[in-house]
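Please look over the structure shown below before reading the notes that follow. They are grouped by topic, beginning with the contact between chains and ending with individual residues.

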Amino acid sequence: MAFDYFLLIMWGFCGVLQVTAAYNELYGLRIFAKRWKGYFAGTVITVSAFIWFFTSGNRTIEGHITGVQGAEQVGLILAGVVVSIVITALSVSILHLRSKPKLIKPGYGLEQIRNATFLQALFCIIKRKD
Amino acid sequence: MLSLDHKLLLWIAGLAGRFATLDWLVKYLANDFLVPAAMALIGAGLWFTGKTKDERRQNQWGFIYAIVGLGFSALLVQIINDHYFRARPYVNFPQLLPQVQRLFYEPTVSSFPSFPAAVTFAFAFGIWLENKRIGGLLFCMAALMSLARVYIGIHYPSDILVGAAIGVAVAFIFSWILRLILKPVVNLVLLIFERFFLA
């Protein structure tokens with residue numbers, strides 16, 4: 001049950017990331033170039049995660065039996081969110097590996113991935129240090 | 001004579017079994033996982049949201065308030081539940097037992113104060129402090145989950161009210177502490193996230 005819950009959050013947040021990346025124009029997290037595709041795919045991914053979770057087993061069981069009580073739930077949510085960000089950032093970086101980044105100044109923060117992928121932003125900083 | 005709390009419980013829980021669609025909906029709303037997971041995903045998504053850096057930073061502060069508020073309200077309710085036990089409504093009103101078994105499970109932990117109400121309201125309040133629109137949406141989700149639990153018969157309305165009040169109060173106190181005392185620590189955490197292009 002704990003692993004299923006972790007999968008729900010991870011899978012669901014991959015969808016949420018597509019919606020937020022499309023809305024906020026974060027190139028480094030966008031799998032789909034067109035905004036509507038990001039909204040649509042993100043919604044489908046998130047909804048499918050919930051449908052899978054609730055149809056794949058009995059989810060109406062007390063926490064101390066399933067092992068997913070309050071504190072464990074928070075831990076699984078944070079872990080799921082972090083893994084989801086890593087998967088999305090790496091996927092997008094690999095997907096756009098050959099594309100040239102728009103001219104970005106070396107720097108830190110989310111603003112950097114508006115025009116570049118995580119790897120491109122990282123290499124930009126490494127180059128500057130060289 | 002029944003107290004107002006009991007009357008309200010019996011009136012709301014008395015609706016169960018009348019409308020199949022409502023029962024189906026309530027079964028999911030009251031679930032331990034659906035609303036908390038949905039709220040968490042919305043809150044975490046807010047971390048990346050904002051047209052400007054300042055707007056996004058405001059949302060990130062909201063998420064931090066929400067997480068800290070949730071953590072400490074969970075801790076406080078856990079302590080209260082360990083020291084004070086109130087039987088679930090279906091124990092005092094056995095006529096509610098069939099609907100509890102049909103729509104939920106029979107919880108064994110103390111009914112008062114409501115743990116889910118405390119954590120969901122704390123989370124919603126933390127977000128609401130910085131983003132009224134999304135915070136309002138989260139408040140609605142928390143209220144629906146709480147109401148669903150009264151409908152099924154696993155919480156008294158007073159469990160929910162006190163749980164929600166604890167959640168909001170704890171989130172408010174810790175948001176104040178974070179803003180006025182621990183601001184440099186939060187800024188340091190945000191700076192670390194910034195280094196990884198995550199804030």
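How many residues of chain B are in contact with how many residues of chain A? In this predicted model, 28 residues of chain B are in contact with 31 residues of chain A.

**The side of chain B that touches chain A**

- Two or more residues each are given to this side of chain B by helix H3 (34-46), helix H4 (53-83), helix H7 (115-130) and helix H10 (183-195) of chain B.
- Among these elements, H3(B) supplies the largest share of the side that touches chain A, namely 6 residues.
- Sorted by class, the side of chain B that touches chain A has 17 nonpolar residues, together with 6 polar and 5 charged ones.

**The two chains**

- Chain B has 10 helices and 0 strands, and its pattern along the sequence is accordingly written α-α-α-α-α-α-α-α-α-α.
- The C-alpha trace of chain B spans about 55 × 35 × 25 Å along its principal axes, and 49% of the 199 residues of chain B count as buried.
- Of the contacts in chain B with a separation of 6 or more, 80% are accounted for by residues 24 or more positions apart.
- Chain A has 5 helices and 0 strands, and from the N terminus on its elements run α-α-α-α-α.
- The C-alpha trace of chain A spans about 55 × 35 × 20 Å along its principal axes, while buried residues make up 36% of the 130 residues in chain A.
- In chain A, 67% of the contacts between residues at least 6 apart in sequence join residues at least 24 apart.

**Packing of H3(B) with H4(B)**

- Two packed helices are described by the angle between their axes and the distance between the axes.
- For H3(B) and H4(B), the axes come within 8 Å and cross at roughly 145°.
- On the H3(B) side the contact is made by Gly43(B), Ala44(B) and Leu46(B), and on the H4(B) side by Asn59(B), Gly62(B), Phe63(B) and Ala66(B).
- By class, this contact of H3(B) with H4(B) has 4 nonpolar and 3 polar residues, and no charged residues.

**The largest nonpolar core**

- In soluble globular proteins, nonpolar side chains tend to be buried together.
- Here the largest nonpolar core has 90 residues, and those with the most contacts inside it are Ile9(A), Ala118(B), Ala122(B) and Ile152(B).
- The largest share of this core, 12 residues, comes from H7(B).
- Leaving aside neighbours within four places in sequence, Ala122(B) is in contact with Gly69(B), Leu70(B) and Ser73(B), and also with Gly167(B), Val168(B), Val170(B) and Ala171(B).
- Ile152(B) has its place in helix H8 (residues 132-152) of chain B, and Ile152(B) counts as buried because 25 other C-beta atoms lie within 10 Å.
- Not counting residues up to four places away in sequence, Ile152(B) touches Ala16(B), Val26(B), Ala30(B), Gln99(B), Val100(B), Leu103(B) and Phe104(B).
- Although Ile152(B) and Val26(B) are 126 residues apart along the chain, their C-alpha atoms are separated by 7.8 Å.

**Backbone geometry**

- Most residues other than glycine have a negative phi, and most peptide bonds are trans.
- The peptide bond from Phe112(B) to Pro113(B) is cis, with omega near -15°, and Pro113(B) lies in the loop between helix H6 (97-103) and H7 of chain B.
- Glu25(A), a residue other than glycine, has a positive phi, near 55°, and its place is in the loop between helix H1 (2-24) and helix H2 (35-55) of chain A.
- Phe197(B) is not a glycine either, yet has a positive phi of about 60°, and Phe197(B) lies in the segment after H10 of chain B.

Key:
Residues are numbered from 1 along each chain as its sequence is written. Chains are lettered from A and ligands numbered from 1 in the order in which they are written. This is a predicted model: local features need pLDDT of at least 70, side-chain atom pairs count only at pLDDT 80 or more; totals for chains, interfaces and linings use all residues. Two residues are in contact if their C-beta atoms, placed from the backbone, lie within 7 Å. Helices (H or I, at least four residues) and strands (E, at least two) are DSSP runs, numbered from the N terminus. Ala, Val, Leu, Ile, Met, Phe, Trp, Tyr, Cys and Pro count as nonpolar, Asp, Glu, Lys and Arg as charged, and the others, Gly among them, as polar. A residue is buried if 20 or more other C-beta atoms lie within 10 Å of its own, exposed if 12 or fewer, and partly exposed in between; C-beta atoms are placed from the backbone. Axes are lines fitted to C-alpha atoms, for helices over the stretch in contact, and angles run from 0 to 180 degrees between N-to-C directions. A nonpolar core is a set of buried Ala, Val, Leu, Ile, Met, Phe, Trp, Tyr and Cys residues joined through C-beta atoms within 7 Å.
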